[in-house]
Amino acid sequence: MAQMSKERMIKYEVRGIKLGKFKKLLFGTAVTLLATSSIFTISKIQDTDAAIISVKIIGYSMVDSGKHLDWGHDTAYVSSVRAGAKTWNAYKSGVIREDTATTIQDVWIYDYYQRNNYPGTTTYGSSNTIAFNSYHMDGYNSTKKQHVATHELGHALGLDENLTGDIMDPVANTNVSLTFNDKASYDAAYQKY
Ligand SMILES: [Zn+2]
């Protein structure tokens with residue numbers, strides 16, 4: 001019985017974590033416990049962890065056949081967009097590129113002002129767009145602006161809305177780092193490019 005409760009405890013802890021560094025920390029803890037109790041196996045812990053990762057993709061993206069998302073803009077929030085692009089590119093390098101004279105634009109980024117619920121909107125169409133609503137954005141601090149920009153770029157990459165705290169959380173928050181869910185969803189979207 002004592003062994004059972006240890007197993008339950010580890011499962012609970014793995015469910016509770018989101019960030020990569022904590023995963024490694026807890027995984028280290030699990031391996032330590034493995035040495036003292038024969039009931040644990042590493043594969044069992046990985047299975048438990050994999051089952052709780054939420055992968056959400058749209059099924060299409062704005063990424064071109066060269067596996068690039070080239071963006072052009074007329075936005076006041078360009079520093080937020082650049083920061084967001086850097087975050088995604090740190091996970092898969094070279095996909096998101098700022099438009100140059102020699103690239104064909106995959107998404108146009110611009111601003112508008114309207115009293116609605118949306119700080120950012122990504123629209124697939126004959127011309128793909130990301131639109132920032134200054135009604136909201138101008139009241140946000142730089143971190144929240146960066147979250148919104150990173151989130152909308154995520155839609156352009158083919159990711160769908162995901163869970164609270166993720167970059168792909170549909171509610172603007174102050175997280176600017178990719179979570180397990182964001183990375184796993186990007187992995188799945190990337191396979192369709
Ligand atoms: Zn969204």
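Here are a few notes on the fold, the sheet and the helices around it.

1. Bear in mind that this is a predicted model, where local features need pLDDT of at least 70, side-chain atom pairs count only at pLDDT 80 or more, and totals for chains, interfaces and linings use all residues. Residues are numbered from 1 along each chain as its sequence is written.

2. The protein has 7 helices and 5 strands (DSSP runs numbered from the N terminus: H or I of at least four residues for helices, E of at least two for strands). Their order from the N terminus is α-α-α-β-α-β-β-β-β-α-α-α.

3. The 5 strands make an open sheet with mixed pairing, ordered β2-β1-β3-β5-β4; strands count as paired if DSSP finds at least two bridges between them. At the edges sit β2 (96–98) and β4 (120–123), each pairing on one side only. From one strand to the next, the twist averages 25° (angles run from 0 to 180 degrees between N-to-C directions, with axes fitted to C-alpha atoms, for helices over the stretch in contact).

4. β4 pairs with β5 (residues 129–133) in the antiparallel sense, over 4 bridges. Gly120 has Phe132 in β5 as its bridge partner.

5. Now the helices: α4 lies across β1 (69–74), β2 and β3 (107–112), at about 145° to β2. As for α6, that helix packs on the sheet and touches β1, β2, β3, β4 and β5, its direction making about 15° with that of β4.

6. α4 (residues 78–91) and α6 (residues 142–156) also pack together, at about 55° with axes 8 Å apart.

Terms used: Contact = placed C-beta atoms within 7 Å.
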